[in-house]
Amino acid sequence: MVDTSIGANQHGLLAPPPVGTSALPDNTFANAVVFVTGGGTGLGKAIAAEFARLGASMVIASRKSEHLDAAREAMDELNAPIECVECDIRDADAISAAFDASEGRFGLPDVLINNAAANFPVPAEDMSPNAWRTVVDITLNGTFYCSREFGRRHIAAGTPGNIVNVGASYAWTGGPGFAHSAAAKAGVKNMVETLAVEWGPAGIAVNGLVPGLFPHEDMTDDITGSLDRTHDKDACQPAMRVGQRQELGWAATFLASPYARFISGHTLVVDGANWQRRSMTNPAVTTIRDQLGRPPFDPEGYDQI
Ligand code: NAP
């Protein structure tokens with residue numbers, strides 16, 4: 001086994017301040033409505049919490065009632081006003097209804113966090129058209145439909161706004177095992193650049209935010225199963241640690257804050273430089289089938305996912 005022990009003078013990047021501290025002044029979002037897709041689990045919930053801590057009224061949109069319940073519980077703990085809306089972001093009419101619900105309760109959202117996405121690892125040769133369509137439909141199309149709804153309403157009202165799209169670094173590098181999600185995230189990153197230019201004149205800033213490895217309890221079995229095969233996740237990062245979710249929340253609140261008003265069309269990677277890793281000598285290639293523990297491809301009876 002490879003020795004991944006960390007030497008005495010290789011402590012990595014320092015740990016962040018604890019959850020509950022904020023990078024921005026109190027009440028930075030006191031008069032703001034923040035709409036988060038997929039804000040009842042994992043990183044979406046962590047991002048929502050940082051806006052709530054800074055005084056925002058929160059709208060959380062997702063499909064499952066248990067996720068909406070979890071969002072409500074988290075926002076209640078922070079005394080943040082919250083509107084939960086059951087919504088599948090693949091459905092443009094449902095998104096429109098969710099924005100109506102926000103307008104009815106708090107007003108038009110000032111900030112849209114496009115966080116919802118779908119993902120599961122599968123070798124490309126095993127991927128069914130349905131798997132491809134589902135991931136692209138949620139991650140890319142859903143992000144566009146939500147952005148369009150937000151943009152149309154602000155342009156019609158003549159009001160400014162701020163969009164943050166949560167991405168992934170395989171938008172640049174590709175991601176073996178994630179052909180569907182990597183392609184969709186590449187589209188999301190590209191959309192940031194287009195919309196930032198189209199909607200800048202209307203006062204709408206559009207940015208991307210890319211998490212590195214941020215393990216959390218809501219991760220799907222597919223993803224945790226892959227992570228479990230890494231025996232020391234911290235030692236596999238140049239930072240010598242994984243991300244702590246408040247670090248992503250702070251970055252999101254900064255991008256949507258008055259202190260970032262001249263930042264638009266940018267995608268900020270928060271991953272301790274993991275995506276820029278290179279080795280002096282290439283390690284041996286392990287196929288994605290081997291990494292996922294899948295048997296050799298069988299064109300006659302392959303296990304389509
Ligand atoms: P997660 O816990 O699986 O969250 C995904 C969320 O999206 C869920 O709350 C889910 O809620 C919602 N969602 C999925 N499909 C939806 C749909 N059709 N309509 C509405 N909501 C939908 O994942 P996560 O790890 O927190 O990831 C959050 C974001 O960070 C994603 O964009 C992901 O690509 C990105 N990211 C995460 C990591 C990481 O290390 N965690 C790394 C890189 C990028 P419902 O099931 O209730 O709809």
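What covers the buried residues of α8? Keep that in mind as we walk through this predicted model, in which local features need pLDDT of at least 70, side-chain atom pairs count only at pLDDT 80 or more, and totals for chains, interfaces and linings use all residues. Residues are numbered from 1 along each chain as its sequence is written, and side-chain values use heavy atoms, with hydrogens and water left out.

**Stop one: strand β1**

Select residues 33–37, which form β1. Helices (H or I, at least four residues) and strands (E, at least two) are DSSP runs, numbered from the N terminus. The strand is largely enclosed by the rest of the structure, because 5 of its 5 residues are buried; buried means under 20% relative accessible area with a 1.4 Å probe, protein chains only. In a regular strand, side chains alternate between the two faces of the sheet. Here Val33, Phe35 and Thr37 lie on one side and Val34 and Val36 on the other, and both faces are covered.

**Stop two: the partners of β1**

Two strands pair if DSSP finds at least two bridges between them. Look for Thr37 and its bridge partner in β2, Ala61. Next, show β4 (residues 111–114), joined to β1 by 3 bridges and running parallel to it. Val34 stands opposite Val111 there.

Bring in α1 as well: β1, α1 and β2 make a right-handed β-α-β unit. Right-handed means that, with the strands pointing away from the viewer, the path from the first strand over the helix to the second runs clockwise.

**Stop three: helix α8**

Select residues 245–255, helix α8, where 9 of the 11 residues are buried. Among them are Trp250, Leu248 and Leu255. To answer the opening question, the cover includes α1 (42–53), β5 (161–166), β6 (204–211) and β7 (267–270).

**Stop four: the cavity**

Rolling a probe the size of a water molecule over the atoms shows where empty space is left. A cavity is a set of points, on a 1 Å grid over the protein atoms alone, where a 1.4 Å probe fits but cannot get out; lining residues have an atom within 4 Å of a point.

Select its lining, including Asn165, Lys185, Val188, Gly208 and Thr267. The largest share, 4 residues, comes from α6, and α6 (179–199) and β6 each supply at least two residues.

Methods:
Buried < 20%, exposed > 50% of the residue type's maximum accessible area, 1.4 Å probe, protein only. Contact = heavy atoms within 4.5 Å. 1 Å grid on protein atoms, 1.4 Å probe; cavity = no way out; pocket = protein on both sides within 12 Å on 5 of 7 lines; lining within 4 Å.
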